[in-house]
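This report walks through a single protein chain for a reader who is meeting it for the first time. The sequence and the structure come next, and the description follows them.

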Amino acid sequence: MNRSNEAQAITGFKEGLMELLRLARHASGADTAHFQWVNRNREQFVLACGDSKLRTVAFPDREPMDGHWLRPHVDLLHPLDLVIAEHVEAESLSHHHKRPTLFRIRLIPVRHRGETIALAVFEFSRNPTAGDDVFESFRLAIDNLLQTHLQLSGLMAVEESWETYDHKLDQALETSSTVDAIQSSLNLMAESTPTGGASFLAS
């Protein structure tokens, strides 16, 4: 995928993700919601998007996993409720510039190929105004959005690889020598074959 198509695909995905997060926050009655990628290679939580009705919230782009309150939940399989002061201290929520008056946090894991790749976080100062169906709908919508993004990215990459192949083949056939044209075509086909090779038979 070229950089222009890749940028458009990523922008579209982020916009869709932000809209889903905002809708889920409003529907559930959460004060704040944010979506964190789990970057295991760099041991970081990477912010995808965030939304809050509070003016004292600012989300860091990246935070190290070490010592982070989300660290124990990077392999979360199912939605989980955390009670403030019982499971997590309000002071550990570093995106709040002022100590928040929170009651509960709900974590929604996003999984891909058997691994938790992201955590959606919903923070409440009171009990949620909606039931579990809202969060389940959110999770399913995120899964569908992610799968669509990955499929479209893969299709665009395949389409561009064929465009490159056709261009190189045209160049090979434009050569003045028939032998050179055949050899160039064979080399190109061999490069495009993950395993095996290409050969030419004449009778």
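A search of the whole structure finds five aromatic pairs, and in one of them Trp 37 is stacked with Phe 13, the ring centres being 6.1 Å apart and the planes 25 degrees apart. Because Phe 13 lies in helix H1 and Trp 37 in strand S1, the pair ties together parts of the chain that are 24 residues apart in sequence. Phe 13, with a relative accessible area of 10%, is buried.

## Phe 124 and its surroundings

Phe 124 and Phe 135 form an aromatic pair of the edge-to-face kind, with 6.3 Å from centre to centre and 80 degrees between the planes. Phe 124 lies in strand S6 (residues 115–124) and Phe 135 in helix H2 (residues 132–173), so this pair ties together parts that are eleven residues apart in sequence. Phe 124 counts as buried at 0% relative accessibility, and Phe 135 counts as buried at 4%. Ring pairs also join Phe 122, Phe 124, Phe 135 and Phe 138 into a cluster.

Which residues does Phe 124 touch, not counting those up to four places away in sequence? They are Ser 28, Gly 29, Ala 30, Asp 31, Leu 102, Phe 103, Arg 104, Arg 106 and Phe 135. Of these, Ser 28 is 96 residues from Phe 124 in sequence, while the two C-alpha atoms are 9.0 Å apart in space.

## Two nonpolar cores

The largest nonpolar core has 20 residues, of which Phe 35, Val 110, Phe 122 and Phe 138 touch the most other members. At least two residues of this core come from each of H1, S1, strand S5 (104–112), S6 and H2. Another core, of 17 residues, lies apart from it and has Met 65, Leu 70, Leu 76 and Leu 102 among its members.

## Asp 31, a buried acidic residue

Asp 31 is found in the loop between helix H1 (3–28) and strand S1 (32–39), and with a relative accessibility of 6% it counts as buried. Leaving aside neighbours within four places in sequence, the contacts of Asp 31 are Arg 25, Asp 51, Ser 52, Lys 53, Leu 54, Glu 123, Phe 124 and Ser 125.

With one of these contacts, Lys 53, Asp 31 forms a salt bridge in which the closest N and O atoms are 3.4 Å apart. Lys 53 lies in the loop between strand S2 (44–52) and strand S3 (62–64), and Asp 31 in the loop between H1 and S1, so the bridge ties together parts that are 22 residues apart in sequence. Is Lys 53 buried or exposed? At 52% relative accessibility, Lys 53 counts as exposed, whereas Asp 31 is buried.

## Other salt bridges

The structure holds twelve salt bridges. In one of them, the closest N and O atoms of Asp 81 and Arg 106 are 2.6 Å apart. This pair links distant parts of the chain, since Asp 81 is in strand S4 (residues 80–83) and Arg 106 in strand S5, 25 residues apart. Asp 81 is partly exposed, with a relative accessible area of 27%, while Arg 106 is buried, with 13%.

A further salt bridge joins Arg 139 to Glu 136, with 2.7 Å between the closest N and O atoms. Arg 139 and Glu 136 are three residues apart in helix H2, so about one helical turn separates them. Both residues are partly exposed, Arg 139 at 24% and Glu 136 at 34%. Elsewhere, a network of salt bridges links Glu 19, Arg 22, Arg 25 and Asp 51.

## Confidence in the model

The mean pLDDT of the protein chain is 80, and 71% of its residues reach 70 or more. Over residues 155–160, however, pLDDT stays under 50, and for this stretch the model has seven contacts beyond four places in sequence. Where pLDDT is low, the predicted coordinates should not be read in detail.

Conventions
Residues are numbered from 1 along each chain as its sequence is written. This is a predicted model: local features need pLDDT of at least 70, side-chain atom pairs count only at pLDDT 80 or more; totals for chains, interfaces and linings use all residues. Side-chain values use heavy atoms; hydrogens and water are left out. pLDDT is the predictor's confidence in each residue, from 0 to 100. Contact means heavy atoms within 4.5 Å. Helices (H or I, at least four residues) and strands (E, at least two) are DSSP runs, numbered from the N terminus. Buried means under 20% relative accessible area, exposed over 50%, partly exposed in between (1.4 Å probe, protein chains only). Rings of Phe, Tyr and Trp (its six-membered ring) pair if their centres lie within 6.5 Å; planes under 30 degrees apart count as stacked, over 60 as edge-to-face and the rest as tilted. A nonpolar core is a set of buried Ala, Val, Leu, Ile, Met, Phe, Trp, Tyr and Cys residues joined through side-chain atoms within 4.5 Å. A salt bridge is a side-chain nitrogen of Lys or Arg within 4 Å of a carboxyl oxygen of Asp or Glu.
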